[in-house]
Amino acid sequence: MNPKDFFAEKANDYDNEQSRTQNVSTIAQTILREVSFSKEMSVMDFGSGTGLLLSEITPYIGEITAVDISSSMNAVLKSKIADLKCSVQIVQMDLTKETLDRKFDVIISSMTIHHIEDTLALFKKFHSLLKDNGIIAIADLDTEDGSFHTEDTGVFHFGFDRENFVEMVKNAGFQNIKIQNASTIVKPTKDYSVFLITAQK
């Protein structure tokens, strides 16, 4: 049985929500300040969606592997590939159940980890997918009251407590861990803060 594509209805209009595109753009700028990308680097974007994050990173790198479980989101990304500034490979898979037979210099991700049930297992997998001294740059929500998602899109966590998140990343084997403010998402109801965690294998 195929897993439910929670984004099937939303994919085509996903990039039209200004608070979303603005948030990812701000996250991308924070990542670009923290990570020294180069054209020699191989990067993975986990939960790449319609490519909002990777499209801001591609001018600075040689190749990127976009990993996402949603066929509808991947289809939107595919339609953008010709305009992107580096080689893009789209891989449709559930990284929590399968793995890739290659290593990366950097793994980036935006607003995806709260959709993952076992975050420690995922970060251990990230660790195994990185080359020596490889880096993660992962952005997600600070702890919130559950009001961020107005519908069920497979949400397992109402954001994360930063101290607990740092501890979890440490337990997955990472070092040189830094966590900082990355963005604020302004919604009609309230504002939601987003952090960026960077760490090294």
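Glu 34 is partly exposed, with a relative accessible area of 29%; on this scale, buried means under 20%, exposed over 50%, and partly exposed in between (1.4 Å probe, protein chains only). The model is predicted, so local features need pLDDT of at least 70 and side-chain atom pairs count only at pLDDT 80 or more, while totals for chains, interfaces and linings use all residues. Residues are numbered from 1 along each chain as its sequence is written, and side-chain values use heavy atoms, with hydrogens and water left out. Helices (H or I, at least four residues) and strands (E, at least two) are DSSP runs, numbered from the N terminus.

**Salt bridges**

- A salt bridge is a side-chain nitrogen of Lys or Arg within 4 Å of a carboxyl oxygen of Asp or Glu.
- By this rule the count comes to six salt bridges.
- One of them joins the side chains of Glu 34 and Lys 178, at 2.9 Å from N to O.
- Glu 34 belongs to helix α1 and Lys 178 to strand β6, so this pair ties together parts that are 144 residues apart in sequence.
- Lys 178 is partly exposed, at 38% relative accessibility.
- Another salt bridge links Asp 105 and Lys 131, whose closest N and O atoms are 3.3 Å apart.
- Asp 105 sits in strand β4 and Lys 131 in strand β5, 26 residues apart, and the pair links distant parts of the chain.
- Lys 131 is partly exposed, with a relative accessibility of 34%.
- Lys 97 and Asp 94 also form a salt bridge, with 3.1 Å between the closest N and O atoms.
- In that pair, Lys 97 is exposed at 69% relative accessibility, whereas Asp 94 is buried at 18%.

**The sheet**

- Seven strands form an open sheet in the order β3-β2-β1-β4-β5-β7-β6, with mixed pairing; two strands pair if DSSP finds at least two bridges between them.
- The edge strands, β3 (87–92) and β6 (175–186), each pair on one side only.
- Neighbouring strands of this sheet are turned by 15° against each other on average, direction ignored.
- For such angles, axes are lines fitted to C-alpha atoms, for helices over the stretch in contact, and the values run from 0 to 180 degrees between N-to-C directions.
- β5 and β7 (residues 191–200) run antiparallel and are joined by seven bridges.
- Ala 137 stands opposite Thr 198 in β7.
- Helix α1 (residues 18–34) packs on the sheet and touches β4, β5, β6 and β7, where contact means heavy atoms within 4.5 Å.
- The direction of α1 makes about 155° with that of β6.

**Helix α4**

- α4 lies across β1, β4 and β5, and runs at about 145° to β5.
- The buried residues of α4 (residues 119–129) are Thr 119, Leu 122, Phe 123, Lys 125, Phe 126, His 127 and Leu 129.
- What covers these buried residues includes β1 (42–46), β4 (104–110), β5 (130–141) and α5 (162–171).
- Asp 118 caps the N-terminal end of α4, with a side-chain oxygen 3.4 Å from the backbone nitrogen of Leu 120.
- Thr 119 is buried, with a relative accessible area of 12%.
- Not counting residues up to four places away in sequence, Thr 119 touches Ile 113, His 157, Phe 160 and Met 168.

- Lys 125 is buried yet has no salt bridge, and the nearest side chain of opposite charge, Asp 94, is 7.4 Å away.
- For charge, Lys and Arg count as positive and Asp and Glu as negative, while His and the chain ends are not counted.
- A polar atom of the Lys 125 side chain lies 2.8 Å from the backbone oxygen of Leu 95.

Terms used. Polar contact = N/O pair within 3.5 Å; in protein donor to acceptor, adjacent residues only side chain to side chain.
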